[in-house]
Amino acid sequence: MKLILIFSALFGAALCLETFVGHQVLRIKIKNEEQVRKLQFLETLEHLKLDFWINPSTFSRPVDVRVPANSLQAVKVFLESHRIEYSILIKDLQIYEELDNLASEYSNVVSKLQIGQSYEKRPLYVLKLASDYGNDPSITSLLDKMDIFLLPVTNPDGYEFTHTTNRMWRKTRSKNAGSLCIGVDPNRNWDAGFGGPGASSNPCSDSYRGPSANSEVEVKSVVDFIKNHGNVVAFLTLHSYSQLLMYPYGYKCTQPADYAELDALGKAAANAIRSLHGTTFTVGSICTTIYQASGGSIDWSYDYGIKYSFAFELRDTGRYGFLLPASQIIPTAEETWLGLKTIIEHVRDNAH
């Protein structure tokens with residue numbers, strides 16, 4: 001059985017060539033030939049800039065169409081005035097468009113899988129990667145032994161909310177019983193020392209742990225994905241900011257059983273990161289490097305038996321903080337890949 005490597009990227013990857021903010025995908029149910037003709041007419045209205053994913057050719061199948069934000073009202077009025085039934089398939093397209101582009105353009109090395117959906121019913125997609133296969137000997141040998149999965153956005157509802165309302169939002173968007181405050185910190189919601197130090201019981205806190213472990217569907221979807229895929233040997237999460245590379249534990253301050261190996265591997269990865277642009281990372285356990293924090297993802301994955309569990313806190317150390325300039329996106333990605341590759345190669349050679 002091939003080994004499986006999970007990248008759980010807990011941030012919105014800056015992939016999009018065009019933002020697609022506010023674009024929606026509508027699923028239109030056609031009942032007769034007259035409605036087919038109406039939709040075919042709608043398709044000719046170039047000023048609306050509609051993108052028909054499934055074209056209106058017969059009433060035996062639904063029609064899916066991407067509608068830009070500034071055309072939504074006109075399209076919906078048109079459909080309703082002709083009594084054509086529709087539903088919103090994707091509420092905001094932005095965070096999915098480039099995933100589809102990657103899977104389509106590089107279909108020989110990238111495939112897309114849905115592992116669940118968010119509280120607000122946005123899909124959670126992972127990309128199964130085989131980048132540079134056959135070209136880079138190191139990557140080829142990695143992928144001959146393991147599958148690599150990338151989850152670009154673990155909290156799509158929160159990601160959307162940062163674009164519409166609160167740029168600094170970090171929680172999910174689930175409702176909390178008995179409180180007007182919304183959301184749970186997804187990195188306090190895992191079943192690893194749940195409810196312990198560093199996780200708040202106050203629903204209005206940014207570090208609110210939630211009512212119970214795995215209460216957030218986003219967290220449970222990742223847990224279920226891992227449990228259903230058998231031999232998972234590494235779990236790597238990407239966050240911002242502070243330039244840290246950490247391993248368990250966070251919910252307690254004792255060393256993990258594999259401390260020596262994890263610490264040495266973390267330092268090797270940090271050296272690889274520094275070799276490109278000189279960016280320095282501090283390496284250590286969560287508890288000793290930052291603070292005690294319960295309910296974290298890599299503590300759960302390590303306790304579940306995934307030895308190679310690491311959390312990256314990417315650039316910078318505070319000058320820009322969460323508002324890192326766009327000019328630093330590519331350099332950050334380049335150096336981070338070197339760190340990831342160092343860990344992956346070690347996993348390839350040492351995991352059993």
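## Disulfides, rings and cores

Let us start with one cysteine: Cys 287 is buried, with a relative accessible area of 11%. Here buried means under 20% relative accessible area, exposed means over 50%, and partly exposed lies in between (1.4 Å probe, protein chains only).

A word on the model itself: it is predicted, so local features need pLDDT of at least 70 and side-chain atom pairs count only at pLDDT 80 or more, while totals for chains, interfaces and linings use all residues. Residues are numbered from 1 along each chain as its sequence is written, and side-chain values use heavy atoms, with hydrogens and water left out.

**Disulfides.** A search of the whole structure finds 2 disulfides, each a pair of cysteine sulfur atoms within 2.5 Å.

| Disulfide | S to S |
|---|---|
| Cys 181 and Cys 204 | 2.0 Å |
| Cys 253 and Cys 287 | 1.7 Å |

Cys 253 lies in the loop between E10 and H7, and Cys 287 in helix H8 (residues 286–289), 34 residues apart. Helices (H or I, at least four residues) and strands (E, at least two) are DSSP runs, numbered from the N terminus. The link of Cys 181 and Cys 204 is right-handed, with 80° about the S-S bond.

**Aromatic rings.** The structure holds 10 aromatic pairs. Rings of Phe, Tyr and Trp (its six-membered ring) pair if their centres lie within 6.5 Å; planes under 30 degrees apart count as stacked, over 60 as edge-to-face and the rest as tilted. Phe 149 and Phe 225 form an edge-to-face pair, 5.3 Å centre to centre with 80° between the planes. Phe 149 belongs to strand E8 (residues 146–151) and Phe 225 to helix H6 (residues 217–228), 76 residues apart. Both Phe 149 and Phe 225 are buried. Elsewhere, ring pairs link Trp 190, Phe 235, Trp 300 and Tyr 304 into a cluster.

**Nonpolar cores.** A nonpolar core is a set of buried Ala, Val, Leu, Ile, Met, Phe, Trp, Tyr and Cys residues joined through side-chain atoms within 4.5 Å. The largest has 51 residues, of which Phe 310, Phe 312, Ile 343 and Val 347 touch the most other members. Strand E9 (residues 232–240) gives the most to this core, with 6 residues. Apart from this core lies another of 17 residues, including Ile 28 and Phe 52.
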